[in-house]
Amino acid sequence: MSEQVQVFMDQLAALVGVQGAFIFDSQGKILQYSTPMKVSRDKGVALARTLARTLTGLSTVHGSTMLGIDLTYEEGRLVLKGIERGGLCIICERQLNYSLLNITLEQGLRLLRDSKQEERSEESTNRVDRLKDIATEMLGEHANRVISILESAGSDAGELEDAIQQAENMTRMFIDKNLAGEMAQRMRDLLMASR
Amino acid sequence: MDDFDSGQWDALFAGDEDTRVVRAAGTASETFSVEEFCEVPGVKGAIRVALDGALQAHSLAESPEQAAAITTYLGASARQVGATMGYRNFDHAVLNFDSGGDPVLVFRQGSSFVGLLLEEDIAPSHIISRIRERSGGGE
């Protein structure tokens, strides 16, 4: 996460009535805390797991990933915003200037979404590089044609799957029919793991 | 809604035996049914589900199963979050969709969760106030 995101998190935590905030991924792993975080990190960890399950469940039922959930208790309030592959949780006191929170949130969510987009683009570059490494490792000097297939593919998973299939066919026909299947399988495993 | 004391909220959102909402502030004999919730301006539909997700009553023309799943999921998650945080008194939860769509207001009613489908531009706190006023527990 970028420094800008940390600044945003700290701005949130500085609002009157906010006790802390954190960003978590879809597995419920906390990626970033605000400073200060007045709620114990143990609670944060348990909360992140529950909230990740909640977001996943509700997204599945409703079909929308961009959800906002506001949980109000007599003792406090939790504001949850779904972001790509995770969420942002803000722990608040019951008495809170909600309008001020919303203004800060609106700016910050834009930043978070941009930051996620940058991460995604970095990830897809890394993914192609790792696929190329597999080709080089298995085919040595004959890997060039597979590498050029991978480089000319797009960056999303579907395009890469097609490229792997092409690479497998090409390897089977022109390079080594025994290695083709194993190489393609390793590439597919990597693609699956990076989703 | 913050000036509403906890006893009144408990009364409003604690259910009686026949799973109808008990009216607040000592008027416990008066209750709200799903149809009565729909009479509150800004409420487009209402659903009541058991804590285990079983659909008990609804006034929705479309997709009651989806609304039941959302209501149950949100209510159950709210309880779990409350337990984690040490919050014992759940008031209500609101689910909004950034992509557009009607917000859903969920609260506990005895051994059920009630889900209200709201008009998009209405503040959930406004609906809660209206329910409170109608139940005779208003300011």
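The dialogue below takes these topics in turn for the predicted model shown here.

Q: How is the packing of two helices described, and where do the axes of H4(A) and H5(A) stand?
A: Two packed helices are described by the angle between their axes and the distance between those axes. In chain A, helix H4 (residues 144-152) and helix H5 (residues 157-175) have axes that come within 9 Å and cross at roughly 160°. Angles over 145 degrees count as roughly antiparallel, and H4(A) and H5(A) are therefore roughly antiparallel to each other. Their crossing is right-handed.

Q: Which residues of H4(A) and H5(A) meet?
A: From H4(A), A:Arg145, A:Val146, A:Ile149 and A:Leu150 take part; they meet A:Ala163, A:Gln166, A:Ala167, A:Met170 and A:Thr171 of H5(A). Divided by class, this contact has 6 nonpolar, 2 polar and 1 charged residues.

Q: Turning to strands, is S3(B) mostly covered or uncovered?
A: In a regular strand the side chains alternate between the two faces of the sheet. Strand S3 of chain B (residues 43-50) is mostly covered, with 6 of its 8 residues buried.

Q: Which strand is joined to S3(B) by 7 bridges?
A: That strand is S7 of chain B (residues 112-118), and S3(B) and S7(B) run antiparallel. In this pairing B:Arg48 stands opposite B:Val114 of S7(B).

Q: How many bridges join S3(B) to S4(B)?
A: There are 3 bridges between S3(B) and strand S4 of chain B (residues 55-58), and these strands also run antiparallel. B:Val49 is placed opposite B:Leu55 in S4(B). The hairpin of S3(B) and S4(B) has 4 residues between the strands, and B:Gly53 takes a positive phi near 100° there.

Q: How many residues does the contact take from chain A and from chain B?
A: The size of an interface is often given as the accessible area lost when the parts come together. Here the description is by residues: the contact takes 24 residues from chain A and 27 residues from chain B. On the side of chain A that touches chain B, the elements giving two or more residues are helix H2 (41-62) and strand S3 (67-73) of chain A. H2(A) supplies the largest share of that side, 9 residues. By class, the residues on this side of chain A divide into 10 nonpolar, 9 polar and 5 charged.

Q: In which sense do S3(A) and S5(B) pair?
A: S3(A) and strand S5 of chain B (residues 90-97) pair in the antiparallel sense, over 7 bridges. Within this pairing A:Ile69 stands opposite B:Leu95 of S5(B).

How values were computed. Residues are numbered from 1 along each chain as its sequence is written. Chains are lettered from A and ligands numbered from 1 in the order in which they are written. This is a predicted model: local features need pLDDT of at least 70, side-chain atom pairs count only at pLDDT 80 or more; totals for chains, interfaces and linings use all residues. Axes are lines fitted to C-alpha atoms, for helices over the stretch in contact, and angles run from 0 to 180 degrees between N-to-C directions. Angles under 35 degrees count as roughly parallel, over 145 as roughly antiparallel, 65 to 115 as roughly perpendicular and the rest as oblique. A crossing is left-handed if the near helix is turned anticlockwise from the far one by less than a right angle, and right-handed if clockwise. Two residues are in contact if their C-beta atoms, placed from the backbone, lie within 7 Å. Ala, Val, Leu, Ile, Met, Phe, Trp, Tyr, Cys and Pro count as nonpolar, Asp, Glu, Lys and Arg as charged, and the others, Gly among them, as polar. A residue is buried if 20 or more other C-beta atoms lie within 10 Å of its own, exposed if 12 or fewer, and partly exposed in between; C-beta atoms are placed from the backbone. Two strands pair if DSSP finds at least two bridges between them.
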